[in-house]
Amino acid sequence: MRTNAMSDIFHRRPRTNAFVALLAFALAAPLSAQWIKYPTFGIPRTPDGKPDLTAPAPKLPDGKPDLSGLWHQSNGVKYTVNLAADLKPTDVPYQPATEALYKQHQDSISKDDPVGYCNFPGIPQMEAVPYPYKFMNAPGMIVILYEAFHTYRQIFMDGRELPKDPNPTWMGYSVGRWDGDTLVVDSAGFNDKSWLDSGGRPHSEALHVTERFTRRDFGHMNLQITIDDPKAYTKPWTVSYGITLMPDTEMIEYVCNENNKDTPHLVGK
Amino acid sequence: MRRLLAAIVLTGASLHAQWFDIKTPGIPRTADGKPDLAAPAPKTPDGKPDLSGTWDADRSYLVNIAKDLKEVPMRPAALELFNQRKDGGRAKEEPDANCLPQGVPKIDAAPVPWKLIQGPREVMILYEAFTLFREIFTDGRELPKDPNPTWLGYSVGHWDGDALVVESNGFNGKTWLDQSGHPTSDALHVTERFRRKDFGHLELEITIDDPKMYTQPWTVKESPRLLADTELLEFNCNENERDVRHIP
């Protein structure tokens, strides 16, 4: 069963706890072998019936890219534990207080990780977790259904602006627009409780996340994430990683509060 | 205990005053700009009724889903459980008091709204309650024969005239049908018939078929109403949870 094991995977830092990190990867590995087998409609296939993930990206009737499908971040927990895994440590432009808080989270082995207590991971961590998520087109919006926490996010595509005085939330408020073939999603309205990654990189309520989703071909999407949070970082910083289509399966129910085995282990050093 | 149940319902009621003020696109309006909830139900391009919209759950069924029935055909074991629960004595075990999903169909009567989005091969329901979702596959697939036991079940839908008939199984037997504690087993099969009577009113007929708990299927009818010009709010049950410590 993997109804609830996300937190097990989340908050260990490979550098200080290699064993736990290995365990996390071991847990993450079977996630790609989901046990709901169902042929996904509309996937181009090679003559032997296998999904052709390098076929061209599909389009919607209005000519815009069709991002719908079940996707997952295919690098295990690499970006879950460290959103800046591909950056040099000095490339993350921390404000001094942010760097101190990050160090505190690292030194305590993320024992205060809100995800370990079944709070939503927030944006952009939701896309980096080792669980799939489904993009769905709907009138005036794109919906992302996340297996992790069995929750969802609405990205309003009807031209509305971000709210001026948003209610602080874990998942923020998201509006999207097209820039050529790229879906650009701007999100704000975050509380300052979620972490950018389970390694403990903090943010403030001033966080503004810009995500650029580009479907390169049928089975592959680029995701570029820009963190703009002037209270926590001296300037915006950007990371990017690939996400991959997961054909012929469905999401499984994930209930963090059921049988959460994580909290007792969040003891720090 | 009745007072506690009332308190829970009241807490829910205040959530109804949502503070998003956004004009919902596509809603017919009267001359003064108000939503015309008596306008005809909309259709999708293929001529099917379009059930999409944010619906204000009929929370009157949250406390007792069977409030309109004279009798619920409970088996002795179900009656015993129900009698232990109905006076609130076991309320601490109620799943959603512990931030576990309400299950189907209780979540349909939650005191916060849900948004139904009707896609071509799948209907999504985004529940404000616990920010959970449900997928209802309308692509012709059958219910799984050996489903994984879950809180929200596995759902498939088909059209019967102008009603969307949603069949669900694969439940874990831990859910309560309401706060009074009508029990379920892992044999639960729920049929929900969604029919949009007009633009602003939904008819939701729910049939509970659970041969381990009930001697025969039984049916209730709820009436969700359209909630115009607002949006769902985030609901994180784990944040600042104040309920369970007050439950004896």
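**Backbone geometry in chains A and B**

At 10% relative accessibility, Phe130(B) counts as buried, a class defined as under 20% relative accessible area, with exposed being over 50% and partly exposed lying in between (1.4 Å probe, protein chains only). The model is predicted: local features need pLDDT of at least 70, side-chain atom pairs count only at pLDDT 80 or more, and totals for chains, interfaces and linings use all residues. Residues are numbered from 1 along each chain as its sequence is written, chains are lettered from A and ligands numbered from 1 in the order in which they are written, and side-chain values use heavy atoms, with hydrogens and water left out.

Although Phe130(B) is not a glycine, its phi is positive, at about 60 degrees. This phenylalanine occupies the loop of chain B that runs between strand E3 (122–127) and strand E4 (133–137); helices (H or I, at least four residues) and strands (E, at least two) are DSSP runs, numbered from the N terminus. In chain A, a positive phi, near 65 degrees, is found at Phe149(A), likewise a residue other than glycine. The loop between strand E3 (141–146) and strand E4 (151–156) of chain A contains Phe149(A), which is buried with a relative accessible area of 7%.

Cis peptide bonds were also identified. In chain A, such a bond links Ile123(A) to Pro124(A), with omega about 10 degrees. Pro124(A) is situated in the loop between helix H4 (96–107) and helix H5 (125–128) of chain A. In chain B, the bond from Val104(B) to Pro105(B) is cis, and its omega is near 10 degrees. Pro105(B) belongs to the loop between helix H3 (76–86) and strand E2 (114–118) of chain B.
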